[in-house]
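These are notes for a colleague who is opening this structure for the first time. Please keep the sequence and the 3D view at hand while reading.

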Amino acid sequence: MALDTQSDGEILDVLIVGAGFTGIYMLHSARDKLGLKAKIVEAGHGVGGTWYWNRYPGARCDSPAHIYCFTFDRDLVQEWKWSERFPQQPEILRYLEHCADRFETRKDTDFGQFVNSTVYDDAAKLWTVTTDKGNVYKAKFVVAGTGCLTARHLPDIDGIDTFKGKSIHTSRWPEGGIDFTGKRVAVVGTGATAVQVIPLVSLQAKELTVFQRTPAYCVPARNGQVDPEVVKSRKENYDDIAENVRNSFFGFDFTFLEGSIFDATPEERKANFDAIWERGGFEFWLGNYADMFFSEDANKMVSDYIRDKIRSVVHDPVTAEKLVPKYAYGTKRNPLETNYYDTFNKDNVHLVDASTDGPLEEVNETGIRACGKDYEFDVIIYATGFDAMTGALKNMNVVGKNGLALNDLWADGPESYLGLTVSGFPNFFTVTGPQSPSAFSNVPVSIEQHVEFITEAIHHLHETGKSQIEPTPQAQKDWVQHVNDMINASIIPKTDSWYTGSNIPGKARKFLVYLDPAGVGGYRKRLEQVVENNYEGFELSA
């Protein structure tokens, strides 16, 4: 890479932040397809993005492996062999490392560099990006592939730094793992990560105490090896599968049940619920009756079905009721479970529920004080999630034209155009950013879509003699309104969740994800129309 003669930093066409799915594909596209000078900056010491950091026990994807992958390289799809329906973190990391080798991305990646400043130079029309190690880069384009769930959140609890045992957030798990044999362990949180962690920790721990604020609806994963004939058939027909997934509602190879839940008899509803439940995975959430996202009465029928399933598994009726959610199913992220509810039947596993037992009051030197009782622990695990969608972008301290700080602009919630760009921040892209389908999709599908849009946009600029692309304020305003109108037509915003930023104290309550009325496929068509209409909503300048 060429260096600036004044040693002000490395000069690049494209700087990519993050070496996960986005970073690998974006570098390959910019460098190998467009012939541009491109580089990745990555805070970790290896590729993988979220799969580099999240190596806690039980960490695995919750999209089927045959679609939780790159589809742009047909040979890669045919060659790679997954071992399970929902692979564990080490296997996904091996896959991404293989992709990094295949596309030779490591040679153009600076590892161990956390981006803490991203400033636009109005005169030079370049971005200056600085890392915590003092590296400086000058780039025409910046692509933030920082992920939806990467900025970890530790709860604001008194004394959290005073605990003398071992405490750890699940997204910063040590590479060598932790031996819980004979240990008294606490898990704080019962979201998707905790649902994966808790059953495995319970196998080793002497005593495991789970501190729950809000119970989650969990559906069975039904994980395991996939029939070789199914694998063979999928590979033979993968072009059709990929096309269907790209144009599906949520980026999966299933869709909603036909008709309204109210048109089905109770027997028909139960038969449909039973069939989907037995198949496992996200289909019960994203392939059920669509009514449940728009009608509280419809949702109650689905919610009650799962509540009864929980009661049927957990032996102690008091514990079972603590684990039964009271909010509308599907309005929070739906974890997939393997032996989660069974774990609470074990003698060494205990549940402390904030709403019935009392809140977690403080952490002290020996453990946790909750509901007026002191609990002593050797290890505390914080499965308390992330500052979703916006946290990682805010950590980049992005400053656009005329000194406009992204953090100031987003103080009352994010504003974007298409979830990809922000007015006042030319040539700055947020892959699966706030107000895009992102977390409402099989994420690699949305990543590929965004990377391809960005690649085409940069190519278009070069072909037309332009150098900058930026959304107009009106286009951004209209998009924000559209996002709000679409989601407010559903019952989803009525529930507090990380979808609304409600898990972070002081964070503005705004819905952070876009739910297109035609799903991921509809959003894809919208982007295609933007391009066909000469980048409608964007200002292209020389």
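1. Basis of the notes. This is a predicted model, in which local features need pLDDT of at least 70 and side-chain atom pairs count only at pLDDT 80 or more, while totals for chains, interfaces and linings use all residues. Residues are numbered from 1 along each chain as its sequence is written, and side-chain values use heavy atoms, with hydrogens and water left out.

2. Salt bridges overall. How many salt bridges does a search of the whole structure find? The search finds 31, where a salt bridge is a side-chain nitrogen of Lys or Arg within 4 Å of a carboxyl oxygen of Asp or Glu. Side chains of opposite charge can pair when their charged atoms come close.

3. Lys 107 and Glu 104. These two residues form a salt bridge, with the closest N and O atoms 3.6 Å apart. Lys 107 counts as exposed because its relative accessibility is 59%. Glu 104, at 47%, counts as partly exposed.

4. Arg 184 and Glu 376. A salt bridge joins the side chains of Arg 184 and Glu 376, at 3.3 Å from N to O. The pair links distant parts of the chain, 192 residues apart: Arg 184 is in strand β8 (residues 184-188) and Glu 376 in strand β15 (residues 373-376). Helices (H or I, at least four residues) and strands (E, at least two) are DSSP runs, numbered from the N terminus. Arg 184 is partly exposed, with a relative accessible area of 28%, and Glu 376 is partly exposed at 48%.

5. Asp 496 and Arg 509. In this salt bridge the closest N and O atoms are 2.8 Å apart. Asp 496 and Arg 509 each lie in the loop between α16 (473-488) and α17 (519-532), so the pair ties together parts that are 13 residues apart in sequence. Asp 496 has a relative accessible area of 44% and is partly exposed; Arg 509 is partly exposed at 41%. Elsewhere, salt bridges that share partners join Glu 10, Lys 39 and Asp 110 into one network.

6. Helix α16. The buried residues of α16 are Ala 475, Gln 476, Trp 479, Val 480, His 482, Val 483 and Ile 487. Seen down the axis of α16, the buried residues fall within an arc of 160°, so they line one face of the helix; the arc is that of the directions from the helix axis to the C-beta atoms. On the face turned away from the buried side are the exposed residues Pro 473, Lys 477 and Asn 488. The buried residues of α16 pack against β19 (468-471) and α17.

7. Cysteines. The count comes to 0 disulfides, a disulfide being a pair of cysteine sulfur atoms within 2.5 Å. Cys 99 is buried, at 0% relative accessibility, whereas Cys 371 is partly exposed at 29%.

8. Aromatic pairs. There are 48 aromatic pairs. Rings of Phe, Tyr and Trp (its six-membered ring) pair if their centres lie within 6.5 Å; planes under 30 degrees apart count as stacked, over 60 as edge-to-face and the rest as tilted. The rings of Phe 70 and Tyr 95 have centres 6.4 Å apart and planes at 35°, so the pair is tilted. Both Phe 70 and Tyr 95 are buried. The rings of Trp 173 and Phe 180 are also tilted, with centres 6.2 Å apart and planes at 50°.

9. Lys 507. This residue lies in the loop between α16 and α17. Is Lys 507 buried or exposed? At 17% relative accessibility, Lys 507 counts as buried. Leaving aside its neighbours within four places in sequence, Lys 507 is in contact (heavy atoms within 4.5 Å) with Asp 387, Ala 388, Thr 390, Gly 501 and Leu 512.

Key
Buried means under 20% relative accessible area, exposed over 50%, partly exposed in between (1.4 Å probe, protein chains only).
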